[in-house]
Amino acid sequence: MERCELSVVMPAYREANALRQLLPLLVPAVRALSPRFEIIVADSMEPLDDTAAVCAEYGVRHLFRTGGNAYGDAVRTGIQTSNGERVLLMDADGSHNPRDIERLWTARNGHDIVIGSRYVHGGSTENPAILIWMSRIVNYVYKFAFHLPVKDVSNSFRLYRGDQLRSVELVSNDFNIVEEILIRLTYGPPKATVTEVPVTFEQRKAGESKRNLPAFMLSYIGSILKLSKFRAAEQAKERRRG
């Protein structure tokens with residue numbers, strides 16, 4: 001397969017109605033950035049709606065996730081199937097506006113990871129208060145625990161170097177895979193550099209959220225413990241090399 005310049009990867013679980021609204025905006029927005037692109041929708045393991053038909057209508061690559069039906073399985077499936085020099089991860093529910101992709105793309109030179117950030121100057125979120133409160137807690141805990149030099153560690157709307165992203169072994173199954181990617185790339189061998197650009201996190205355009213809030217919070221506790229061990233191991237390797 002010919003190497004493309006930009007791969008867009010979207011995990012999806014019963015998001016056909018949202019994709020009907022998103023893809024007519026997304027396809028031309030991505031095409032305007034590069035003629036060599038692919039858009040990948042990593043769907044559920046089995047058909048649950050007509051997501052495949054919607055993807056076919058707009059010339060978007062549809063695939064069924066492997067390994068399980070968790071969000072992390074969709075992310076891993078989409079990443080490993082991609083072949084872009086840069087890989088953009090974004091939500092399929094319309095909360096990430098295709099107009100903002102150009103801002104991430106423009107900031108890519110000189111940086112390995114570009115985060116679409118709700119919490120830098122000019123960024124914002126339309127989430128309800130309870131989700132904003134939870135997001136702020138998650139961001140504070142991860143920044144405190146890992147000394148991450150970013151303001152928004154939990155928004156999945158990010159642009160990565162493809163080879164770096166495909167090189168990391170990801171184990172998280174829930175939405176905490178977003179933080180895992182950032183920590184493994186910045187503390188692991190890639191030593192990835194990061195920048196942020198402001199975006200607006202919008203309300204989903206159709207369907208219902210798949211987040212189970214209690215399970216959501218518990219998954220982050222386990223993730224912090226596992227990733228703390230990973231960071232300690234990588235720092236020990238650096239000391240031995242030094």
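Within the largest nonpolar core, which has 36 residues, Leu-89, Tyr-142, Phe-146, Leu-148 and Ile-181 touch the most other members. A nonpolar core is a set of buried Ala, Val, Leu, Ile, Met, Phe, Trp, Tyr and Cys residues joined through side-chain atoms within 4.5 Å; buried means under 20% relative accessible area, exposed over 50%, and partly exposed in between (1.4 Å probe, protein chains only). Two or more residues come from each of β2 (37-43), α3 (71-81), β4, β5 (113-117), α5 (129-146), α7 (177-187) and α8 (213-241). Helices (H or I, at least four residues) and strands (E, at least two) are DSSP runs, numbered from the N terminus. The most is given by α7, with seven residues. Apart from this core lies another, of 29 residues, including Val-27 and Phe-157.

This is a predicted model, in which local features need pLDDT of at least 70 and side-chain atom pairs count only at pLDDT 80 or more, while totals for chains, interfaces and linings use all residues. Residues are numbered from 1 along each chain as its sequence is written, and side-chain values use heavy atoms, with hydrogens and water left out.

The structure as a whole contains zero disulfides (pairs of cysteine sulfur atoms within 2.5 Å). Cys-4 is in no disulfide, and the nearest cysteine sulfur, that of Cys-55, is 16 Å away.

| Residue | Relative accessibility | Class |
|---|---|---|
| Cys-4 | 7% | buried |
| Cys-55 | 0% | buried |
| Asp-91 | 14% | buried |

Asp-91 is found in the loop between β4 (86-89) and α4 (101-106). Its side chain makes a polar contact with the side chain of Ser-156 (2.9 Å).

A polar contact is a pair of N or O atoms within 3.5 Å; within protein, one must be able to donate a hydrogen and the other to accept it, and residues adjacent in sequence count only if both atoms are side-chain atoms.
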